[in-house]
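Hi,

Here is the structure I promised to pass on to you. Please open it first, and then read my notes alongside it.

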Amino acid sequence: MAARAETPVPGWQRGRVASWFVTTDHKRIGILYVSTSLVFFALGGLMALAMRTQLAQANAGVLSPQHYNELVTIHGTTMIFLVLVPILAGFANFLVPLMIGARDVAFPRLNALSYWLYLLGGLVLMLSFFAKGGAAQAGWTSYPPLSEQTPGHGQDLWILSLHILTASSVAGAINFIVTIHNLRAPGMTWTRMPLFVWSIEVFAWMLLAVLPTLSAGLTLLLLDRGISIGGWHIQTHFFNAAKGGAPLLWQHAFWFFGHPEVYIMVLPAFGIISEVLPVFARKPIFGYKAVAFSTVGIGFISMLVWAHHMFTVGFPNALNSFFMITSMAVAVPTGVKVFNWLATLWRGNLHFDTPMLYALGFLSVFVVGGLTGIYLAAFPVDWQVHDSYFVVAHFHYTLFGGVVFAIFAGLFYWWPKMFGRLLDERLGKWQFWILFVSFNVTFFPQHLLGLEGMPRRVYTYSHESWEGYNMTSTIGSYVMGIALLLFLWNVVRTTRRGPRVGNDPWQADTLEWYTTSPPPPHNFDSVPYVTSARPLHDLRQRLREANGTRRIS
Amino acid sequence: MASSVRAKLLLAATTLALLLVPAAYGGNGGFVPVTPESPNAHDIRASYFFITFFTLGVFVLVETLLVVFIFRFRRRRRPRFQDGPTLHGATRLELLWTALPVAILFLIATFIFIELPGISHVPSAGATGRAYQIKVTGRQFYWQFEYPNGVISIDSMRAPAEVPVKLTVVSPDTDVIHSWWIPALGGKIDAIPGIVNTTWFEAKPGFYSGQCAELCGLEHARMLASVEVMPKSEFTAWLSQRRAQQSAGTSDLGDEEWGGVCAKCHGLAGEGGIAVRIAGSAILSDPRALAKIVRNGTSTPRGTMPAVGSGWTDDQVSALTTYLKEHPPSGS
């Protein structure tokens, strides 16, 4: 590998703060993504706690209806667009070039643009609380006509924010695809690529496929709300039934993006789990190809299921049946993954460090979220549970119990690679157990509330029989808050005092552990020729054979 | 090591128990949809049970394997980085756990298709051959019911027992999307501007309640609905009596309009809520001004009032003006 001549960096860009503003290093951008999304995670979490406080008792007056609707909208939008997708993009930024043995992503400047657009989009959304009329109030799905009739500028800023975030994600997706297709290390064929990289490949293609539909829908919504440019007023009626428009058009555009978006968040989480489980079970992943191809399968099928969010709009049953069958079909590749993960544990040498605890916690709760999805796919049953707290419980089991648990597995696993220091294991384990218990206490009762008839997105309720579950859920959510504070404390404490570790503290399989922790700006001095999906495992074995010793590690 | 694993299993079991306590505390527990009182709700619940049979099975299988593997293959005294056996996969197993979910989902889909006609088709009533029809209009933030003879009621519907009742569910072009949902009487159906949807129920006498299930604005949570199913003769008597009263201006409609349409924002005593205080306002005692503001809404610096009564008949408007003349809101 020929050394490239480095252009000298101007002095003002070398400062401790300034260097982060001008960086095009994928690792630093990855860390910026992860840390920014953790800040938004805290903000979104506080919004959730405010809502849970309001719902703890019947007819409470902690929040006004308008404040509640603003929070319910911005909490959802924040968690999806500012937390889960970008934190996974952050992991991808940091890891993909390292995992495939590249020096950086294909377009480092475009990568920086992606991050700064993301931050801008996030700020626009957060600051929209201060807009005239408050923040958007029509839910994260922003169905017209409601979203067109809301006065004030909150909804317009919501549209602006999503437009910016969409641009950011498209740029990021192109970058990942070009990087993965072109910059893999010698010998790294498609079936020797780490499973996390597979998941990012599918994640990126899906973003490219569905984000344009969201952008189109957002533009129509903006034009329907009316815009004035230099004396020209534009006012369309795409979703306005009074003028011949169709409110359902938005729902199609939104969910054609919105359902794949779920898998855009879940697939990289699956990828993290597929990296963590083998390392802590001391075995290769069971059924590599099945896991990789099921990722592609889920990505493809997920684009054919969108109308299962629309079973109650009055479609003919033939159409409902089509979407029921496609939605159920997603369960098949998902099941393949779950069983392959279980088989990876079989006959392993399991050790329960924090990343592994989170990965196992993910397995145990994600299954619940997956299984409740079958009720929602069966459309007559969906007619009963749609838009109720059952759905709220379902998607928190997949997105919190699934994705957030996987993110914590990833944070504890790759933290030493990012910063050269381990997070505290004792605090980490406490955090896991508290979070595991409180998560279930918070969200399990919500299934039951939904079955008893409590709709989602209500700022209050008058049934006193719903109070027990709601109070339980609220108490659980406070304890979740404590568990997340423990993580913050862990980060603060180990930044200075965490034990420093070498290149490969977990004796892992993939290339990112070949370089130093943290890696140098150019990542690798040299990259070994890749002969399997576990290059580092192969390397250790070759070393052992060369040394002629039977010593382990 | 073993003891710490046991402690953790105990913790997991305790969590499960903690989850069940509030469940047992709440009536039917919420583990199944509310007790169905209409054939379609009944068939939906049957589908729910059928699916639960399989999901519980898969849940128990996966969680058991997980716990057993965690316990059985934990490290114990083995060296930390000692590798397990290099097992790359097994094609037969892959085929098995691809085929098994396919088979289960096939069974579930088949069951749904068998139940579907009973859920979505309105049965024809024996003698008359036609279902009783009621028009349901969802509006911010009230439900308006229109009976075949022109009787109108707000938020509380009355319906004949043991006859299929077919509901036409709509929302005015200028309104937003709502969703009609009485859990005991079947699934929900959206009220969407520009679209006419239908659903139905057939129930024994009783009182059933529900609420709007699609976020429709500030008072979405207060958009409640109830259905009182009465013996057929009683219903017929009520309907003709109400028809006469409505023409005479003595029905409960004005009361229902005040409580369902005005009070959700302005307070039951007109004391103000998410909207301004209206008790003592001159408009309330001026029928023409009141009719104008209810039909057209208004926009003032103090806020915007939507046209909650756009499209109301003269009967409807006068019911409200008469009611307010007789019962001026006290303000507290």
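Below are my notes on a helix pair in chain A and a sheet in chain B. Please keep in mind that this is a predicted model.

The helix pair

In chain A, have a look at helix α3 (residues 65-99) and helix α7 (residues 195-225), whose axes lie 10 Å apart and which pack at an angle of about 135 degrees. Angles over 145 degrees would count as roughly antiparallel, and α3(A) and α7(A) are therefore oblique to each other. The crossing of α3(A) past α7(A) is left-handed.

Which residues make this contact? From α3(A) come A:Phe81, A:Val85, A:Ala89, A:Phe91, A:Ala92, A:Leu95, A:Val96 and A:Met99, and they meet A:Phe196, A:Val197, A:Ile200, A:Phe203 and A:Leu214 of α7(A). Sorted by class, the contact has 13 nonpolar residues, with no polar and no charged ones.

The sheet

Chain B has an open sheet of five strands with mixed pairing, in the order β3-β2-β1-β5-β8. At its edges stand β3 (152-154) and β8 (197-201) of chain B, each with a single partner strand, so one side of each has no neighbour in the sheet. From one strand to the next, the twist averages 25 degrees.

Happy browsing, and do write back with any questions.

Best wishes

Key: Residues are numbered from 1 along each chain as its sequence is written. Chains are lettered from A and ligands numbered from 1 in the order in which they are written. This is a predicted model: local features need pLDDT of at least 70, side-chain atom pairs count only at pLDDT 80 or more; totals for chains, interfaces and linings use all residues. Side-chain values use heavy atoms; hydrogens and water are left out. Axes are lines fitted to C-alpha atoms, for helices over the stretch in contact, and angles run from 0 to 180 degrees between N-to-C directions. Helices (H or I, at least four residues) and strands (E, at least two) are DSSP runs, numbered from the N terminus. Angles under 35 degrees count as roughly parallel, over 145 as roughly antiparallel, 65 to 115 as roughly perpendicular and the rest as oblique. A crossing is left-handed if the near helix is turned anticlockwise from the far one by less than a right angle, and right-handed if clockwise. Contact means heavy atoms within 4.5 Å. Ala, Val, Leu, Ile, Met, Phe, Trp, Tyr, Cys and Pro count as nonpolar, Asp, Glu, Lys and Arg as charged, and the others, Gly among them, as polar. Two strands pair if DSSP finds at least two bridges between them.
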